[in-house]
Amino acid sequence: MSSKQKCVVLGVTGGIAAYKACEILRLLQKRGMDVFVVMTKNACRFVAPLTFETLSGHPVAVDTFERPATWEVEHIALAKRADLFLIAPATANIIGKMANGIADDMLSTTVMATRAPVMVAPAMNTGMWDNPATQENVKKLIARGVHVVTPASGHLACGDSGAGKLEDVNVIAERAIAVLEQEKDLAGLRVLVTAGPTREALDPVRYVSNRSSGKMGYALAENAAMRGADVTLLTGPVSIEPPAGVTVVKFTTTQDLLDRALEHAGSQDILIQAAAPADYRAEEVAPQKIKKNDGEPLVLRLVENPDVAATLGKAKRDDQVFVGFAAETNDVTAHAQGKLVKKNLDMIVANDVTRPGAGFDVDTNIVTLIEPDAMRALPLMTKTEAAGHILTRAKELLDAKRA
Ligand code: PMT
């Protein structure tokens with residue numbers, strides 16, 4: 001399905017990141033979207049409506065109580081015209097209004113009236129983002145099916161460092177396009193995705209873990225859900241919000257992950273294991289906080305964890321497709337091929353995590369899809385795009401098995 005001629009209504013709210021909405025608008029236009037802009041009054045303090053008017057080629061709708069004659073009509077017309085309603089940047093204020101049914105200006109009224117999919121890309125001070133009120137509001141939106149592009153962490157304009165930075169504009173545009181282009185080709189299928197790291201306790205305050213952010217797995221879960229699948233997301237401890245419309249099951253340790261996965265695997269059509277489970281755990285978890293010992297080295301004895309993928313692979317039926325990931329730093333293809341066989345997978349997604357833009361805690365990945373007798377290397381792309389390719393291939397493999 002082509003996204004050409006599709007209409008995106010872009011809501012811009014008042015934050016320092018408002019200027020980045022210009023770039024988002026251009027990226028969407030480059031992909032053939034017709035973009036209409038709605039601004040809050042505060043947004044106009046950061047960027048003049050004329051800028052968006054010139055870039056979009058359409059009048060910009062602002063909080064126009066000054067023009068009561070057209071206001072009602074205008075907001076309903078825009079709400080109906082939207083194929084996607086994207087608010088970027090989205091302040092704590094607009095998120096709070098949306099979550100609590102407040103419609104008191106042009107943007108909040110228009111977004112309330114729309115029946116199109118809604119996506120918000122929050123940007124705000126870390127304290128505001130972390131505030132329980134904001135977090136609760138975000139959860140409410142997700143529960144109602146709103147797509148939330150979790151803000152990135154970094155140095156913020158206010159001088160603070162932490163979560164709250166508007167996600168990269170390319171990622172936001174990709175996510176928007178993915179929502180618009182999605183066909184429901186996975187409708188009727190059950191897809192299980194594992195994501196994120198495990199934590200293996202050493203004592204009551206310390207644990208062994210890894211750098212997995214969950215982004216790759218969450219992108220897979222989101223893509224599968226948008227394509228109509230019934231998605232279960234098994235997630236380790238991460239700081240990003242799960243996508244809308246998926247069943248979330250949490251795990252902490254590798255054993256936990258195995259237990260949860262065993263409960264669900266039998267009922268799935270496609271199982272994709274993007275989690276990064278720890279291969280080892282402490283042989284004994286110290287009951288009290290481990291103390292320093294006069295300069296003596298601390299010796300930790302680790303024992304092997306179960307291999308979740310290999311355990312599940314043993315019970316795989318002929319009508320199921322199991323996909324694994326391989327995070328490698330050397331001999332990437334050989335190691336991945338070894339795991340493909342050992343874990344009885346239909347496909348393994350190899351990422352060379354030494355390459356810039358690939359692997360842990362970034363928004364992009366460089367992956368190679370490896371099957372028993374085929375291999376396809378994909379270029380650098382967003383994790384959203386990579387997720388699309390992986391699921392498309394998994395579906396083809398499933399169709400072939402069931403033909
Ligand atoms: O989460 P992000 O920051 O977005 O990063 C994404 C990622 C790098 C974590 C992801 O793309 C990835 O490569 N995930 C697999 C990481 C990993 O643990 O690779 P592995 O080679 O150790 O494991 C191979 C496969 O076996 C994986 O599917 C893994 O889920 C599974 N496994 C591993 C160990 C174990 N004890 N049990 C398992 O099931």
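**Surroundings of the ligand**

In this predicted model, the ligand is surrounded by 30 residues, of which Ser212, Ser213, Ala309, Lys339 and Asp361 are the closest. By class, this shell consists of 13 nonpolar, nine polar and eight charged residues.

A polar backbone atom of Ala275 is 2.8 Å from an oxygen atom of the ligand. A ligand oxygen atom also lies 3.3 Å from a backbone N or O atom of Lys215. In the case of Asp279, the side chain takes part: one of its N or O atoms is 3.2 Å from a nitrogen atom of the ligand. Taken alone, the ligand exposes 770 Å², and 96% of that area is buried by the protein.

The ligand is located in the largest pocket. Two or more residues of the shell around the ligand come from each of helix 10 (215–226), helix 12 (308–314) and strand 17 (321–328). Strand 17 makes the greatest contribution to this shell, giving five residues.

A further position was examined in helix 14, which spans residues 383–402 and contains Ile390. Ile390 has a relative accessibility of 0% and therefore counts as buried, the cut-off for this class being under 20%. Along the chain, Ile390 and Asn223 are 167 residues apart, while their C-alpha atoms are separated by 9.9 Å.

Definitions and conventions: Residues numbered from 1 in each chain as written. Predicted model: local features only at pLDDT ≥ 70, side-chain atom pairs only at ≥ 80, totals over all residues. Heavy atoms only, no water. Near = heavy atom within 4 Å. Polar contact = N/O pair within 3.5 Å; in protein donor to acceptor, adjacent residues only side chain to side chain. Areas by Shrake-Rupley, 256 points an atom, 1.4 Å probe, with all protein chains shown as cover. 1 Å grid on protein atoms, 1.4 Å probe; cavity = no way out; pocket = protein on both sides within 12 Å on 5 of 7 lines; lining within 4 Å. Sits in = over half its atoms within 2 Å of the grid points. Helix = DSSP H or I, 4+ residues; strand = E, 2+ residues; numbered from the N terminus. Nonpolar A, V, L, I, M, F, W, Y, C, P; charged D, E, K, R; others polar. Buried < 20%, exposed > 50% of the residue type's maximum accessible area, 1.4 Å probe, protein only.
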